[in-house]
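Visitor: I would like to learn how to read a structure like this one. Could you walk me through a few features?

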Amino acid sequence: MNSLQQKFLYYSRRKSFRYGVPFLLLIVGGSFGLQQFAQLRYTFSKKGSLTRQEAEKYGINMKQKEDVTLEGEYEKIKDLDIEHWDNVRGPRPWEETSPPSTTGTDAKH
């Protein structure tokens with residue numbers, strides 16, 4: 001018993017023991033504590049999938065799954081000209097909602 005007490009006193013005088021052990025306990029214990037709080041977030045979240053009937057009840061018209069395909073979307077954008085375009089700045093909330101003027105600010109390619 002005496003040798004155990006001497007070892008504890010020996011190690012407790014070292015800085016690495018006095019500052020390192022509480023730091024490691026804080027890191028490891030904090031990780032487990034944070035895991036419990038994160039689990040509460042997912043346990044009590046009320047997220048679910050939106051059905052077609054619920055969407056129509058709120059006025060959202062959802063497309064049929066068969067209507068949207070990768071090939072169909074490719075056909076829509078295949079003929080777009082992506083080489084010649086103008087960078088147009090969108091309106092800011094504090095600006096009037098008039099169409100952007102093109103006087104002298106045309107983009108050069």
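Guide: Gladly; we will go from the overall fold to a few side chains. Please keep in mind that this is a predicted model.

Visitor: How many helices and strands does the protein chain have?

Guide: The protein chain has four helices and zero strands. Written along the sequence, that gives the pattern α-α-α-α.

Visitor: What share of the 109 residues in the protein chain is buried?

Guide: Here "buried" means under 20% relative accessible area. Buried residues account for 2% of the 109 residues. As for the surface, the protein chain exposes about 11400 Å², and 59% of that comes from carbon and sulfur atoms.

Visitor: Which residues make a nonpolar surface patch?

Guide: Phe23, Leu24, Ile27, Val28 and Phe32 do, and their patch covers about 520 Å². Take phenylalanine 32 as an example: this residue sits in helix α2, which spans residues 15–43. Exposed means over 50% relative accessible area; phenylalanine 32 has 53%, so it counts as exposed.

Visitor: Now the aromatic rings, please. How is a pair of them described?

Guide: The general idea is to give two values, the distance of the centres and the angle of the planes. In this structure there are two aromatic pairs. One joins phenylalanine 8 and phenylalanine 17: the ring centres are 6.3 Å apart and the planes stand at 90°, so this pair is edge-to-face. The other brings together tyrosine 10 and tyrosine 11, with 5.2 Å centre to centre and 70° between the planes, and this pair is edge-to-face too.

Visitor: Are the residues of these pairs buried, partly exposed or exposed?

Guide: Let us take them in turn. Phenylalanine 8 is exposed because its relative accessibility is 52%, while phenylalanine 17, at a relative accessible area of 30%, is partly exposed. Tyrosine 10 has 44% relative accessibility and is therefore partly exposed. Tyrosine 11, at 45%, is also partly exposed.

Terms used
Residues are numbered from 1 along each chain as its sequence is written. This is a predicted model: local features need pLDDT of at least 70, side-chain atom pairs count only at pLDDT 80 or more; totals for chains, interfaces and linings use all residues. Side-chain values use heavy atoms; hydrogens and water are left out. Patches are made of residues with over 30% relative accessible area and no salt bridge: like charges are joined within 9 Å, nonpolar side chains (Val, Leu, Ile, Met, Phe, Trp, Tyr) within 5 Å. Accessible areas come from the Shrake-Rupley method with a 1.4 Å probe; for residues, only the protein chains shown count as cover. A salt bridge is a side-chain nitrogen of Lys or Arg within 4 Å of a carboxyl oxygen of Asp or Glu. Helices (H or I, at least four residues) and strands (E, at least two) are DSSP runs, numbered from the N terminus. Buried means under 20% relative accessible area, exposed over 50%, partly exposed in between (1.4 Å probe, protein chains only). Rings of Phe, Tyr and Trp (its six-membered ring) pair if their centres lie within 6.5 Å; planes under 30 degrees apart count as stacked, over 60 as edge-to-face and the rest as tilted.
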